[in-house]
Amino acid sequence: MEENNNLKRFTTAQFLNFCLGFFGLQFAWQMRIILSGPVTEGLGASPFLYGLIWLAGPFTGMVVQPLVGALSDKTISPFGRRRPYLLGGALLAAVALWIFPNSEGVANILHNLTGINFPAWTALFIAAIMIWIIDACVNVAQGPYRALVPDVVPPEQHSLANSYISLAIGLGSVVAAGTAPFLKYFCNYQMSIDAQFIMAALAFTLGMLWTCITIQEHQQPKKEIIKDVASAELREDTFYDALKNFFALSPEVSKICVMQFFTWIGTMCMMIFFTQYSVHTVFGVPDLSAAAEDMTAAFEDATFAGTNFSSICFAIFNLVCFLVAIPIGILSAKFGNKKVHIISLITMILAYLGMAMSSDKLIVATMMGVAGIGWASICALPFAMLSQYIKKGTEGSVMGIFNIFIAGPQVFVCTIVAWVISKCVFLMPGGCINYHWEYSFYIGAACLAVAALVANSVKEKV
């Protein structure tokens with residue numbers, strides 16, 4: 001095998017093995033995306049409150065990933081630098097994934113044990129805490145996993161390695177999203193939400209365990225690591241210094257960060273609200289956050305149908321991501337990351353506008369497939385563009401800081417976009433209220449357009 005900078009070139013089989021842990025991570029994350037809305041709405045969350053609960057993702061991403069990334073750069077252990085975070089994050093997330101859909105049951109257990117009459121919102125509060133833990137753990141594992149690419153893969157294969165991660169994201173999401181609808185339509189078995197979360201917990205844990213067993217980190221000798229850590233602590237003893245050094249890498253890094261910021265506003269406008277859009281807009285279910293039990297029961301079948309439809313659409317979305325991930329990596333190697341990324345973002349913009357203008361099931365499902373092209377690019381090419389500027393030994397901290405520009409935009413979506421939707425109320429026949437969930441797609445398309453314009457200004461290394 002050919003070597004470059006002491007790193008051996010990866011074969012196709014090694015790339016597939018390398019990305020298996022990310023398959024499990026994305027499996028868990030996809031389940032959280034699809035089903036957190038129905039779970040929290042069933043516990044009384046309004047659109048705006050649902051958006052506030054989603055703040056778990058950006059806040060943990062902005063705090064946890066930079067911190068864990070920097071720590072993983074400096075970690076010295078018999079298990080390596082990255083692996084303790086990969087497996088630790090997965091195990092703790094598995095516990096939270098089991099508790100989350102059982103939050104009401106946990107609240108009842110607490111009442112029975114203590115005899116205290118807890119407030120009605122206790123179950124929702126427990127669910128919110130579990131979401132924060134799940135998101136924190138995903139970030140604990142994700143940053144060090146991304147840092148494994150420059151750790152173990154030679155520079156000329158970074159784009160391809162990130163494309164394989166994109167492939168794992170697509171495949172993990174397809175399996176996660178498609179399992180329940182498949183069982184329903186082909187076996188006439190409706191898989192419970194509890195069972196789907198247990199499935200996600202197992203996938204996350206087993207995938208990360210496999211990665212930790214099979215991927216060997218290329219570490220410096222222990223004495224050199226200690227020396228590098230000591231010098232790094234002298235150079236970067238504050239987070240401000242880390243940020244300053246990050247942006248000093250190249251003027252293009254700032255452009256890539258701005259591009260990523262607007263990209264992720266657009267991406268999360270779809271991911272956060274799509275299931276609610278499917279249930280309430282496509283299937284016409286009124287808002288049930290404050291509904292009586294008889295009304296909730298009357299729309300139970302339609303709610304399940306809308307949730308299953310959302311899962312199918314996410315499966316299509318991620319199947320397309322899976323299918324085009326490697327071609328995007330090959331095309332970017334030939335034509336450049338920037339050109340391929342811009343074209344991919346444009347396809348996503350068109351898909352968003354199609355969904356905003358029509359609630360026809362076939363059109364929505366088709367547009368989600370088109371959006372999957374953009375998603376495959378988003379999962380790979382910005383990281384490949386940034387990898388050109390990473391200095392050896394700072395991979396974890398750089399990827400952690402870069403995640404701020406993924407997590408930060410979500411604050412905007414979880415607050416401003418959620419607030420806009422909560423104010424856009426309309427009456428359905430019979431006097432029930434509903435919300436214009438499709439407005440999130442218009443906002444998302446506008447932000448993706450800004451991201452494409454910024455991407456066009458980035459000057460790539462030749």
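**Inside and outside a predicted model**

Five helices, H2 (20-42), H4 (56-74), H7 (122-152), H12 (251-282) and H19 (404-423), each supply at least two residues of the lining of the largest cavity. The model is predicted.

Visitor: Hi! Which of those helices gives the largest share of the lining?
Guide: That would be H7, with five residues.

Visitor: And how many residues line the largest cavity, and which lie nearest its centre?
Guide: The lining has 20 residues, and those nearest the centre are Trp 29, Gln 142, Trp 264, Ile 406 and Gln 410.

Visitor: How many cavities of 30 Å³ or more does the count come to?
Guide: The count is three. As for how empty space is found in general, a probe the size of a water molecule is rolled over the atoms to show where it is left.

Visitor: OK, new topic: the surface. Which residues form the nonpolar patch there?
Guide: The patch is formed by Trp 98, Ile 198, Leu 202, Leu 206, Leu 209 and Ile 213, and together they have about 600 Å² of accessible area.

Visitor: Which helix gives the most to the patch?
Guide: Helix H9, residues 193-214, gives the most, with five residues. Leu 202 is in helix H9.

Visitor: Is Leu 202 buried or exposed, then?
Guide: Leu 202 counts as exposed because its relative accessible area is 51%, and exposed means over 50%.

Methods
Residues are numbered from 1 along each chain as its sequence is written. This is a predicted model: local features need pLDDT of at least 70, side-chain atom pairs count only at pLDDT 80 or more; totals for chains, interfaces and linings use all residues. Side-chain values use heavy atoms; hydrogens and water are left out. Patches are made of residues with over 30% relative accessible area and no salt bridge: like charges are joined within 9 Å, nonpolar side chains (Val, Leu, Ile, Met, Phe, Trp, Tyr) within 5 Å. Accessible areas come from the Shrake-Rupley method with a 1.4 Å probe; for residues, only the protein chains shown count as cover. A salt bridge is a side-chain nitrogen of Lys or Arg within 4 Å of a carboxyl oxygen of Asp or Glu. Helices (H or I, at least four residues) and strands (E, at least two) are DSSP runs, numbered from the N terminus. Buried means under 20% relative accessible area, exposed over 50%, partly exposed in between (1.4 Å probe, protein chains only). On a 1 Å grid over the protein atoms alone, a cavity is a set of points where a 1.4 Å probe fits but cannot get out, and a pocket is an open set with protein on both sides within 12 Å along at least five of seven lines; lining residues have an atom within 4 Å of a point. Grid points are joined across faces, edges and corners, and a volume is the space filled by probe spheres set on the points.
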